[in-house]
Amino acid sequence: MSQTKQKTSIVNKFLNLIEKAGNRLPDPSILFFILCAGLIFLSWFISLFNIKVENPGTGKTVEVTSLISREGFGKIISESITNFSEFPALGLVLAVMIGIGVAEKSGYFDKLMVQVVLKAPRKIIVPIIIFVGIIGNAAGDAAPVVLPPLTALVFIKLGYHPIAGLAMAYASALGAFAANLTLGMSDALVYAFTKPAAELIDKDINLNVAMNWYFIAASTIVLLPAIYYVSMKIVIPRLGTYHPNDDSNEDESNNEITTKERKALKFANISFLIVIGVLLALSIPENGWLRNSDTGSLIEKSPLMDGVGIVILVVFFVPGFVYGIVSGKIGNTKDLGKMLSDSMSTMGSFIVIVFFAAQLLAYLEWSNLGIVISVKGAELLQGQNGVVLIIGFIILSSIINLLIGSASAKWAILAPIFIPMFMLLGYHPAFTQMVYRIGDSITNPITPMMPYLPLLLSYAQKYDKNMKLGTLISSLMPYSIVLAIIWPIFMIIWYLLGIPFGPGGDIYFNK
């Protein structure tokens with residue numbers, strides 16, 4: 001008992017330190033404003049030293065140009081709106097959110113998760129829950145919000161401690177955030193910042209949303225048994241037997257499926273299969289409409305890859321819409337319009353971040369600071385083994401993730417630095433992006449900056465009134481530790497085998 005208290009105390013001290021540091025950081029949008037102002041000042045300061053490098057994109061010698069000048073001020077004032085409106089992939093992310101928003105707001109995602117979990121055979125229920133949690137990151141907020149309380153109830157019926165179920169579901173949804181069998185919002189979000197960062201080095205580079213797909217799909221298969229092992233061998237035995245309190249019963253009404261909802265799910269799932277069938281019919285034939293009309297390629301400059309945002313939109317929108325119609329959630333066009341507007345309202349913080357991130361990228365380009373930092377950074381890292389780069393960048397990303405909860409905010413800061421730098425070292429943006437995504441995921445379960453953590457604590461306190469944040473995270477910590485071992489090792493093996501990360505997502509960059 002004393003050892004447990006001591007461990008919890010250590011965890012609490014660590015979390016308090018992280019929480020205090022994270023809370024001292026300004027809001028992401030204000031942070032980006034500060035970064036923009038700081039970059040303007042930095043351009044003036046570094047320009048005093050006449051630092052010159054060769055631009056690898058043009059072969060010309062460039063030096064840092066101060067933005068505190070008549071020309072720099074003119075660009076900042078006159079081109080800010082253009083920087084924002086022409087930001088690559090902004091439209092793609094918002095379009096994807098239309099489809100995902102309808103599937104989420106109609107209740108399709110929520111009830112689909114409930115149905116899958118409740119119908120799973122007892123012998124494989126735990127792996128099924130983990131699998132649903134991993135692939136649930138494509139469903140917006142549904143997985144970390146809906147799955148933990150549902151899993152807690154299932155664990156009680158299985159004879160396990162409900163808090164173990166909360167921890168497992170939460171870690172599955174957030175710890176394996178960059179793993180999935182399908183493409184979703186997270187792929188579109190990271191791509192939105194990867195593409196403009198890569199264009200600092202190569203304006204004509206050809207990237208796509210699916211360039212990490214092979215690896216994230218394979219990661220799903222690898223991480224599932226890892227999470228299962230932690231649950232069955234560490235977390236469940238550690239929490240022991242559950243002794244319910246009289247007032248600890250949770251309302252199960254949200255975890256029930258009515259006859260009408262069951263019918264709606266049936267038709268929605270059928271519509272989903274029809275959409276997939278149509279996509280296959282347009283892709284598989286040699287003269288398929290989703291192939292490149294000149295080369296017949298399904299990957300290089302094909303409607304499928306170039307229009308992957310619309311494809312994702314349709315794949316999620318159709319079953320969400322069908323579910324809404326059959327269940328009665330969509331009774332008229334006003335209901336549908338409200339779902340669309342509500343889903344877009346959740347993108348407000350992303351849009352604000354994009355505005356400032358667009359300015360930051362423009363300032364890096366106008367001042368040549370982006371090229372100079374990338375070239376100098378690449379010179380420092382020259383000769384470093386790819387394995388060292390993988391481990392180092394994962395550690396950096398995971399530490400930053402403890403302090404900044406917003407995934408888009410973190411990558412908006414890191415992408416303009418590391419994407420060009422790693423490109424100059426010969427690595428494709430798909431490689432750098434995937435390494436970041438691993439680091440960004442593995443500490444998700446334990447970061448106090450994650451907005452879902454207070455909700456998880458409230459769930460846990462229904463079963464243990466004395467539950468504190470540090471005690472809860474001590475049950476989540478084993479997942480982060482194991483993921484921090486298994487996932488980087490898998491990444492290193494993948495890298496050494498030289499397997500592409502996805503369509504058009506090679507390991508090495510060859511201009």
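Helices (H or I, at least four residues) and strands (E, at least two) are DSSP runs, numbered from the N terminus.

The model is predicted: local features need pLDDT of at least 70, side-chain atom pairs count only at pLDDT 80 or more, and totals for chains, interfaces and linings use all residues. Residues are numbered from 1 along each chain as its sequence is written, and side-chain values use heavy atoms, with hydrogens and water left out.

Helix 4 (residues 90-105) packs against helix 9 at an angle of about 170°, and their axes are 9 Å apart. The two helices are therefore roughly antiparallel. In contact (heavy atoms within 4.5 Å), L92, V93, V96, M97 and I100 of helix 4 meet M185, A188, L189, Y191 and A192 of helix 9. This contact holds ten nonpolar residues, no polar and no charged. Here Ala, Val, Leu, Ile, Met, Phe, Trp, Tyr, Cys and Pro count as nonpolar, Asp, Glu, Lys and Arg as charged, and the others, Gly among them, as polar.

Helix 9 (residues 185-198) also packs with helix 19 (residues 429-442), at about 135° and with the axes 11 Å apart. Helix 9 is thus oblique to helix 19. Their crossing is right-handed. A crossing is right-handed if the near helix is turned clockwise from the far one by less than a right angle, and left-handed if anticlockwise. Helix 9 contributes S186, D187, V190, Y191, T194 and A198 to the contact, and helix 19 contributes P429, Q433, Y436 and R437. Five of these residues are nonpolar, three polar and two charged.

The axes of helix 8 (residues 162-175) and helix 21 (residues 469-497) come within 9 Å and cross at roughly 40°. Helix 8 is therefore oblique to helix 21. The crossing of this pair is right-handed. On helix 8 the contact uses I163, A164, A167, M168, Y170, A171 and G175; on helix 21 it uses L472, S475, L476, Y479, L483 and W487. Eleven of the contact residues are nonpolar, two polar and none charged.

Rings of Phe, Tyr and Trp (its six-membered ring) pair if their centres lie within 6.5 Å; planes under 30 degrees apart count as stacked, over 60 as edge-to-face and the rest as tilted. The count comes to 32 aromatic pairs. In one of them, the ring centres of F215 and W494 are 5.2 Å apart and the planes stand at 85°, so the pair is edge-to-face. F215 lies in helix 10 (residues 213-239) and W494 in helix 21, so the pair ties together parts 279 residues apart in sequence. F215 is buried, at a relative accessible area of 0%. W494 also counts as buried, at 10%. Buried means under 20% relative accessible area, exposed over 50%, and partly exposed in between (1.4 Å probe, protein chains only).

D335 sits in helix 14 (residues 333-345). D335 is partly exposed, with 29% relative accessibility. Leaving out residues up to four places away in sequence, D335 touches K329 and I330. D335 and G324 are eleven residues apart in sequence, and their C-alpha atoms are 9.3 Å apart.

Note on methods
Axes are lines fitted to C-alpha atoms, for helices over the stretch in contact, and angles run from 0 to 180 degrees between N-to-C directions. Angles under 35 degrees count as roughly parallel, over 145 as roughly antiparallel, 65 to 115 as roughly perpendicular and the rest as oblique.
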